[in-house]
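Please open the model in your viewer and keep the selection panel at hand. The stops below go from one selection to the next.

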Number of protein chains: 2
Amino acid sequence: MDNAPRVSVLAGEPCETSSWDAGNCPVRDVMNQIAGKWSTLLLEALAQRPYRFGELRRLVPDISQRMLTQTLRDLQRDGYIDRQVFPTKPPSVEYRMTELGHSLFAPLSKVLAWAGENHAAVKAARAKYDASELG
Amino acid sequence: MDNAPRVSVLAGEPCETSSWDAGNCPVRDVMNQIAGKWSTLLLEALAQRPYRFGELRRLVPDISQRMLTQTLRDLQRDGYIDRQVFPTKPPSVEYRMTELGHSLFAPLSKVLAWAGENHAAVKAARAKYDASELG
DNA sequence: TAGTGCTAGTCTCTTTTTGAGACCAACAAT
DNA sequence: ATTGTTGGTCTCAAAAAGAGACTAGCACTA
């Protein structure tokens, strides 16, 4: 049941606070996919250049094959990446970011840049919180 | 064989492909928190104005109290929101976004806007994928 | 005075998701 | 003949999330 298509309720309304339930909210519908543990990492890689399955697996050392397959399928299903099979001797598969994917990655990369710039501040906040919890 | 160029995607160079393991990567460390199912939704709410626990619960109808508590704690721990207890008759708790939280929400809101604008394209891609899977 | 509801949670139990690792078929080199 | 490489799938265990009962102190109600 891992790869069963997720049926999403129809909607078209912007995400107002009065309709923040799962079926009606574009933000939730879109974010719930790209907010996965591995999605942003794979998008970051594929924004750079196309990669093959095994390359991505080596690039992200601690992802399981199962989750790599599944995350790539989800990103493909939402139209962010394309999957192309080459009938070579051992068949190879290339994943490539689509235009839609690049248009998403434009604003997303700003968030990733923020993460890099503010990592220290976040770690400091964590240390402070953990210290006050123990005290 | 492993001739993949180890080049950073982002200008600020927050995450090189040679250190994409969990412990070394600021992007993963920061994103894994804000990428939760409920985090962006709560950040979106608290970017507008402070809210109390019960208000947030009513705002997001399908979040459980357990996950609301836990997500708020995580956001507080990373320094994005503050938690303030008022010793009123029935004690009330107010959650308020910090400066760090607002500085994160600036780029994050661009992604949320993208989600609203491109929801239709994503749904179309999904429909196309599901149709080809069934055929 | 008992009953009800509000507050912001916690505790337990069940279901879902994720992770670890074995297995697959074809073909290439050793 | 064994090993390695390709891109997966399959099963089973562990972790995370969801559902719902339960708490304490106070206010209002009957």
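Select A:Asp29, A:Asp78 and B:Arg126: the three are linked in a network of salt bridges, a salt bridge being a side-chain nitrogen of Lys or Arg within 4 Å of a carboxyl oxygen of Asp or Glu. This is a predicted model, in which local features need pLDDT of at least 70 and side-chain atom pairs count only at pLDDT 80 or more, while totals for chains, interfaces and linings use all residues. Residues are numbered from 1 along each chain as its sequence is written, chains are lettered from A in the order in which they are written, and side-chain values use heavy atoms, with hydrogens and water left out.

Next, select A:Arg126 and B:Asp78, a salt bridge with its closest N and O atoms 2.7 Å apart. Across the interface of chain A and chain B the rule finds eight salt bridges; over all chains the count is 12.

Move to B:Asp62 and A:Arg28, whose side chains meet in a salt bridge at 3.1 Å, N to O. This pair runs from the loop between helix H3 (53–59) and helix H4 (65–77) of chain B to helix H1 of chain A; helices are DSSP runs of H or I with at least four residues, numbered from the N terminus. B:Asp62 is partly exposed at 37% relative accessibility, whereas A:Arg28 is buried at 4%. Buried means under 20% relative accessible area, exposed over 50%, and partly exposed in between (1.4 Å probe, protein chains only).

Now take A:Asp62 and B:Arg28, also a salt bridge at 3.1 Å, N to O. A:Asp62 is in the loop between H3 and H4 of chain A and B:Arg28 is in helix H1 (residues 26–34) of chain B, so the pair joins two chains. A:Asp62 is partly exposed at 38%, and B:Arg28 is buried at 5%.

Then pick A:Arg77 and B:Asp130, a salt bridge with 2.5 Å between the closest N and O atoms. It crosses from helix H4 of chain A to helix H5 (residues 99–134) of chain B. Both A:Arg77 and B:Asp130 are buried.

Colour H1(A): eight of its nine residues are buried, so the helix is largely enclosed by the rest of the structure. Among the buried ones are A:Pro26, A:Val27 and A:Met31.

For the whole interface, select the 60 residues of chain A in contact (heavy atoms within 4.5 Å) with 61 residues of chain B.

Finish at A:Leu56. Beyond its neighbours within four places in sequence, A:Leu56 is in contact with residues including A:Leu42, A:Leu68 and A:Tyr95.
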